[in-house]
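Please read this report beside the sequence and the coordinates.

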Amino acid sequence: MKNRIKVLRAERDWSQAELAEKLNIARQSLNAIENGKADPSLPLGMRIAKVFGVQVEEVFS
Amino acid sequence: MGYSRKRYWLSGAAVLAVLTSWIAFVHLGRPPQAIVPWMSLVVVLLAAGFAFLAFFSRDEIQRQNRMRAWYYGGTLAIFFGVAPIVLLVSNANLEAIVAALPHAPSAALHAPKMFFILGVVVTLLFQSLGNYVARIVMRLRS
């Protein structure tokens, strides 16, 4: 599953550690999601979209 | 229960502390034999509780990875540990293996309990080893 987390994060000038803290997950887990090595659950996917203030479809495709 | 790195390490340390203290107490403190099984049950439940807490202190991706490592580790353990022992070690050698267990009383070498302990030890040992091998491989691949 492709995602735009890295782009959205760069637009907001957030580090992985900052975003991971907002999502209450480990930085390594965020890195795995960002690089497509792990798929988040639907609730986590929704949380990611909410943190960025966009629709979930805009983050994951 | 959410992700907490601190709670994970504290719970993991508590599991080790509880189990180590109980083993040390049984071997050094020599408690009355009648209470040992019941106290062991309490200790196991306590350790399982802390392990449960540690598991759910991880985030969902870490839990997925742990479960995956446990699954592949179990497969490795069956194929490279338990199956070869079951297929290759003859019953005649089992008594020699049981005799090599620490604190095995010579009078109880033929007791079914000792063979049961051997089975549990071998299974847990290989499952744990397989789990760590799977985690190392997963770490190297990431």
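What follows covers confidence, domains and one surface patch in chain B.

This is a predicted model, in which local features need pLDDT of at least 70 and side-chain atom pairs count only at pLDDT 80 or more, while totals for chains, interfaces and linings use all residues. Residues are numbered from 1 along each chain as its sequence is written, chains are lettered from A in the order in which they are written, and side-chain values use heavy atoms, with hydrogens and water left out.

The predictor's confidence in each residue, pLDDT, runs from 0 to 100. Chain B has a mean pLDDT of 88, with 94% of its residues at 70 or more.

| Element of chain B | Mean pLDDT |
|---|---|
| helix 2 (residues 36-55) | 94, the highest |
| helix 4 (residues 91-100) | 77, the lowest |

The domain assignment, whose bounds come from an automatic or database source, gives domain 1 (1-58) and domain 2 (60-142) of chain B. Six residues from each of the two domains take part in the contact, meaning heavy atoms within 4.5 Å. Together the domains bury about 600 Å², 53% of it on carbon and sulfur atoms; buried area is the accessible area (1.4 Å probe) that two parts lose on being put together, summed over both. His27(B), Phe55(B) and Arg58(B) supply 79% of the area that domain 1 buries against domain 2, more than any other three residues.

Leu125(B), found in helix 5 (residues 112-141) of chain B, is one of the residues of a nonpolar surface patch that together have about 640 Å² of accessible area.

Methods
Patches are made of residues with over 30% relative accessible area and no salt bridge: like charges are joined within 9 Å, nonpolar side chains (Val, Leu, Ile, Met, Phe, Trp, Tyr) within 5 Å. Accessible areas come from the Shrake-Rupley method with a 1.4 Å probe; for residues, only the protein chains shown count as cover. A salt bridge is a side-chain nitrogen of Lys or Arg within 4 Å of a carboxyl oxygen of Asp or Glu. Helices (H or I, at least four residues) and strands (E, at least two) are DSSP runs, numbered from the N terminus.
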